[in-house]
Amino acid sequence: MEPIIEIRHLQKHFGSLQVLNDIDFNIEKGEVVTIIGSSGSGKSTMLRCINMLETPSGGEILFHGKNIAERGIDVNQYRSRVGMVFQNFNLFANKTVLQNCMLGQIKVLKKSKEEARERAMMYLRKVGMEAFANAGSVQLSGGQKQRVAIARALCMQPEVLLFDEPTSALDPEMVGEILDVIKELAQENMTMVIVTHEMAFARDVSTRVVFMDEGVIAEQGTPQQIFGAPRQERTKEFLSRYL
Ligand code: ADP
Ligand code: MG
């Protein structure tokens, strides 16, 4: 089967700082890939390259075989296929919950208002935020904001969802509810790439775990292998900090 996303020889540097160094990485339909690794290892930069928020310095990213750096790729259309959920939610602050979930559907997917509203309510219900549809997004708690951000991403019916530390900005008591939403998506075979420091969650939910270190994929494997029998010294050292 052809991967949805194929990353070949991805390089990224900021000035003289080499952040990603020759990354090869595929995402296949139905996979739940978690990316773990120390702060500064390049995890966010890799997701941001996949989401076209950063321009690679070298290598290529193919979406269904087509290079996303090619001219003529519509960034907004692409992001509707490959959605992203951020650490800091990135909701439109001056819009209601419902508007947040309708806007992209109307602008990018060209849905009618009625259709967009219906789908928005469906996904808000799914994440338990239906009752807040008309609330301003600034009034919500962090956990509620993140649930809305997930609903907003789902409204675009993406093929792949990228999550960059979706629980890192949350109070501890709200972490579980967000992880539960993501677990439910995993059970529904949503294709996802999730950067996380929640190791128990990564062990439960992943079909594959990728350990990044200093801009390279140092090791990857099943959760059983990575957590149970890491092969690389640096993987062991990293995981030992979570014991
Ligand atoms: P991680 O998400 O694993 O913590 P990042 O991808 O955010 O790592 O960052 C990797 C490295 O790239 C860090 O050293 C960070 O300071 C640097 N970096 C990230 N974004 C930029 C930027 N826009 N300009 C300069 N340096 C950056
Ligand atoms: Mg990061």
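By class, the shell around ligand 1 has 7 polar, 3 nonpolar and 1 charged residues, where Ala, Val, Leu, Ile, Met, Phe, Trp, Tyr, Cys and Pro count as nonpolar, Asp, Glu, Lys and Arg as charged, and the others, Gly among them, as polar. This is a predicted model, in which local features need pLDDT of at least 70 and side-chain atom pairs pLDDT 80 or more, while totals for chains, interfaces and linings use all residues. Residues are numbered from 1 along each chain as written, chains are lettered from A and ligands numbered from 1 in written order, and side-chain values use heavy atoms, without hydrogens or water.

The shell, meaning residues with a heavy atom within 4 Å, includes Phe14, Leu17, Val19 and Lys43. Helix H1 (43–50) gives the most to it, with 3 residues, helices being DSSP runs of H or I with at least four residues, and strands runs of E with at least two, numbered from the N terminus.

Turning to the polar contacts, which are pairs of N or O atoms within 3.5 Å, an oxygen atom of ligand 1 is 2.7 Å from a polar backbone atom of Gly40, and a polar side-chain atom of Thr45 lies 2.5 Å from a ligand oxygen. The protein covers 60% of the 560 Å² of accessible area that ligand 1 has on its own, by the Shrake-Rupley method with a 1.4 Å probe.

Lastly, the lining of the largest cavity includes Lys126, Val127 and Glu184, a cavity being a set of points on a 1 Å grid over the protein atoms alone where a 1.4 Å probe fits but cannot get out, with lining residues having an atom within 4 Å of a point.

Notes
1 Å grid on protein atoms, 1.4 Å probe; cavity = no way out; pocket = protein on both sides within 12 Å on 5 of 7 lines; lining within 4 Å. Polar contact = N/O pair within 3.5 Å; in protein donor to acceptor, adjacent residues only side chain to side chain.
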